[in-house]
Structure formats: structure tokens, C-alpha cells
Amino acid sequence: MTRQRELALDPQPSMATRREWLDDGALLLRGHAGAVAVDMVTEIKRIARLSPFRRMATPGGGMMSVAMTCCGARGWCSDGQGYRYVAADPQTGQPWPPMPATWRQLAIHAARAAGYDGFEPDSCLINGYRPGARMGLHQDRDERSDAPVVSVSFGLPAIFQWGGLRRTDPLRRIPLLHGDVVVWGGVSRYVFHGIAPIRAGTHAVTGPCRYNLTFRRTL
Ligand SMILES: O=C(O)CCC(=O)C(=O)O
Ligand SMILES: [Fe+2]
């Protein structure tokens, strides 16, 4: 059956996305955001004109290889003082740009598909990876809520390193492709994860870049 025919028969096409459970509480929705990718990448560029991508300092004195910006009521930042969420962009002094309503809906819908009803994100961290950029193994634990994290990937492919609750747990290497969405919460909320160095390349929608959006409840 052709993809088009499948969609025509499915009353809720977005629910036809292929689902892969990574663990209890952690679901990969392959290509779930593919249909809205061009619009979302356009929005990322608009947001970045208001709150530019920047490479943040780490508390240890280093510099992150990933460039970041944020939208929503609060945004994540890192500097010599540590990691935290703040209501204003420290670079512009202005509130972070609002979270587009369509983004919020996509995140709520993906969370629901993974079994998390009532997810209400108040922050979206936008990561920009150039070839060579990576994100070391970490847990997402700067949020004051244990609501799930919803992650949306666009552009160049990445290898998502998915571990366990201990840093030393074995890592699985999961390819994340353009339009893929991952939701992790519940018993998987504090699983260690990271991104291996992005390989050189260009993507038709994003150019030489990978974007990752993570929707979070910070309060
Ligand atoms: O880029 C990704 O897919 C993951 C990003 C991430 O883990 C984070 O921003 O905390
Ligand atoms: Fe993370």
C-alpha cells in the first residue's frame, strides 16, 4: 500500500507514525514532525532573529559546541554560575520569544501519544548543531517538574546515545533523523543521554545544520 493510500485510510494520519519504545516511558515517533518541518525551521530562523543562537559557557569554564536559543516563558542558560532557567534572554535583556502555538500543540500531542496527558510545556530549548558539534552524556534535571521532555529533530542526522539511570550504564546508539520526535518521562525521565559528534553534510531543509527542539515543563 502506498503511503498516500495509508494516509487516506487513516482518520488520524499523524497517529500513523511508526512508534518505537526505547524503554518504559520513552517513545520514538519516527517522522512525526516531517510534514511541518519546513514551517518549523522557518520559525526557528525568525526566533533566532529575536534571540540569536549563541554558544554558552559551561560552569567548568569550557564552551559548549552546540549553539542555543530558547522560546517560551522561560529559557535554559549556562554560564560560570551553573545551569538554570530564566525569564529573560541574558544576551538581549528581553523576554524569550513566545512559543509558537503550533509547536506547543505538536509537543502536547506527542506527549499524549507516549501516555502523558496534560503536558503543558513552558519552555523550548533550541539547539543548533554544526558538523562536529556534540552533546556529552547528561541527565535533564534543571526543571523543577518531572513532566516529560519532548524532543524534535530537523536536518542532519544524529546518533542519540541512550543509556540508563546510571552514567556507567551501557549506551544504545539510536539514529535520529529529520522529523523524528522522542518523548521521555516517567521511569525514563532521568535517563542519561547525549549526542555523538554530528557528521559533515548538508540537508535540503536546514543546510549544514541539525536543529533539536526540546519542550519542557520547568516549573
Ligand atoms: O539534541 C538532542 O537530540 C538532545 C538534546 C538534549 O539532550 C538537551 O538539550 O538536553
Ligand atoms: Fe538532554
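These legends accompany several views of a predicted model of one chain with its ligand.

View 1. Welcome to the fold: the secondary structure consists of three helices and 14 strands. The radius of gyration is 17 Å, close to the 17 Å that the globule rule gives for 219 residues, so the chain is as compact as a globular protein of that length. Along the principal axes, the C-alpha atoms fill a box of roughly 55 × 40 × 40 Å.

**View 2. Packing and contacts inside the chain.** Here we look at how the residues come together. Of the 219 residues, 36% count as buried. Among contacts with a separation of 6 or more, 73% are made by residues 24 or more positions apart.

**View 3. The annotated span, residues 120-219.** An unreviewed UniProt entry gives this stretch the annotation "domain: Fe2OG dioxygenase". In the model, the span is 42% strand and 0% helix.

**View 4. The surroundings of ligand 1.** Take a moment with this one: 13 residues surround ligand 1, and the closest are Asn127, Asp140, Ile195, Asn212 and Thr214. Strands β7 (123-129), β9 (149-155), β10 (158-162), β13 (193-195) and β14 (210-216) are the elements that each give two or more residues to this shell.

View 5. What kinds of residues make up the shell around ligand 1, nonpolar, polar or charged? The shell divides into six nonpolar residues, six polar residues and one charged residue.

Key
Residues are numbered from 1 along each chain as its sequence is written. Chains are lettered from A and ligands numbered from 1 in the order in which they are written. This is a predicted model: local features need pLDDT of at least 70, side-chain atom pairs count only at pLDDT 80 or more; totals for chains, interfaces and linings use all residues. A residue is near a molecule or strand if its C-beta atom, placed from the backbone, lies within 6 Å of it. Helices (H or I, at least four residues) and strands (E, at least two) are DSSP runs, numbered from the N terminus. Ala, Val, Leu, Ile, Met, Phe, Trp, Tyr, Cys and Pro count as nonpolar, Asp, Glu, Lys and Arg as charged, and the others, Gly among them, as polar. The radius of gyration is taken over C-alpha atoms; the globule rule is 2.2 Å times the number of residues to the power 0.38. A residue is buried if 20 or more other C-beta atoms lie within 10 Å of its own, exposed if 12 or fewer, and partly exposed in between; C-beta atoms are placed from the backbone. Two residues are in contact if their C-beta atoms, placed from the backbone, lie within 7 Å. UniProt positions are given in the numbering used here, feature names are shortened, and annotations may be inferred rather than shown by experiment.
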